[in-house]
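Reader: I've got this model open and I'd like a close look at one part of it. Could you pick a helix, walk me through it, and then zoom in on a single residue?

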Amino acid sequence: AAGILCLVAFVSARTGTYSGLYWLHFGERPENFFPAAMLLLLAPLWVRHERYAGFSAIYLVFGLLTLFLPTLVLANWGRASHLDIDPKMIEGIYQLFGFAGSAAAIWFGMRRVWPEVVNTGMVFFVIFLYTKFFDWWWDVMPKYLFFLVVGLTAILFLMVMRRLRRVAAHADREGAVS
């Protein structure tokens, strides 16, 4: 994991220098982390770890973290972007990307039976959803009502995920029987 973090820092610093930043300032532009995220997400396709079966999951989880953390920053702070458009537009684009990307990670992880990818996607989907709840309702709702909505949403999300897990387990049993 430490080596992966060093690789992420190196690739992000190189990306920052290619865009004209001094290498120590690579963290000022979160988009510098996206090439490293793509490398980590594609690493299990290139590198086989027969001796350490769980190592490809580490690549995937760190790739998703390297993808979604900068997306979360840019979804709430559009001025940090390299793009030369309105910061509110940048925030909206990255919010949509965050929701779609985390939902895609959940779907893809369920299709491939990668629980680490499913869990990471769910965590970021919930984080993106709760930040939107905060943006929409924190100033207009009484705080007790806001937290009631957040709590009810959490319960609903748990019920949906339990149902999806039950459906997936049933499909696995059906596949084992055939």
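Author: Here's a look at one helix, then at one residue elsewhere in the chain. Bear in mind that this is a predicted model. Its mean pLDDT is 86, and 97% of the residues reach 70 or more. Where pLDDT is low, the predicted coordinates should not be read in detail.

Let's start with helix H1, which runs over residues 2-18. With 17 residues at 1.5 Å each, H1 should span 24 Å, and since its end C-alpha atoms sit 24 Å apart, the model agrees with that. As for what's tucked away, the buried residues of H1 are Ile4, Val8, Val11, Ser12, Ala13 and Gly16. What do they pack against? Two other helices: H2 (34-46) and H3 (55-76). Just past the end of H1, have a look at Gly20, where phi is positive, at about 100°.

In terms of confidence, H4 has the highest mean pLDDT among the elements of the chain, at 92, while helix H6 (residues 143-177) has the lowest, at 83. Is Ser102 buried or exposed? It's buried: its relative accessible area is 0%, and the cut-off for buried is under 20%. The Ser102 side chain has a polar atom 2.8 Å from the backbone oxygen of Gly98. If you set aside neighbours within four places in sequence, Ser102 is in contact with Phe68, Phe97, Gly121, Phe124 and Phe125.

Conventions. Residues are numbered from 1 along each chain as its sequence is written. This is a predicted model: local features need pLDDT of at least 70, side-chain atom pairs count only at pLDDT 80 or more; totals for chains, interfaces and linings use all residues. Side-chain values use heavy atoms; hydrogens and water are left out. Helices (H or I, at least four residues) and strands (E, at least two) are DSSP runs, numbered from the N terminus. The expected span of a helix is 1.5 Å times one less than its number of residues. Buried means under 20% relative accessible area, exposed over 50%, partly exposed in between (1.4 Å probe, protein chains only). Contact means heavy atoms within 4.5 Å. A polar contact is a pair of N or O atoms within 3.5 Å; within protein, one must be able to donate a hydrogen and the other to accept it, and residues adjacent in sequence count only if both atoms are side-chain atoms. pLDDT is the predictor's confidence in each residue, from 0 to 100.
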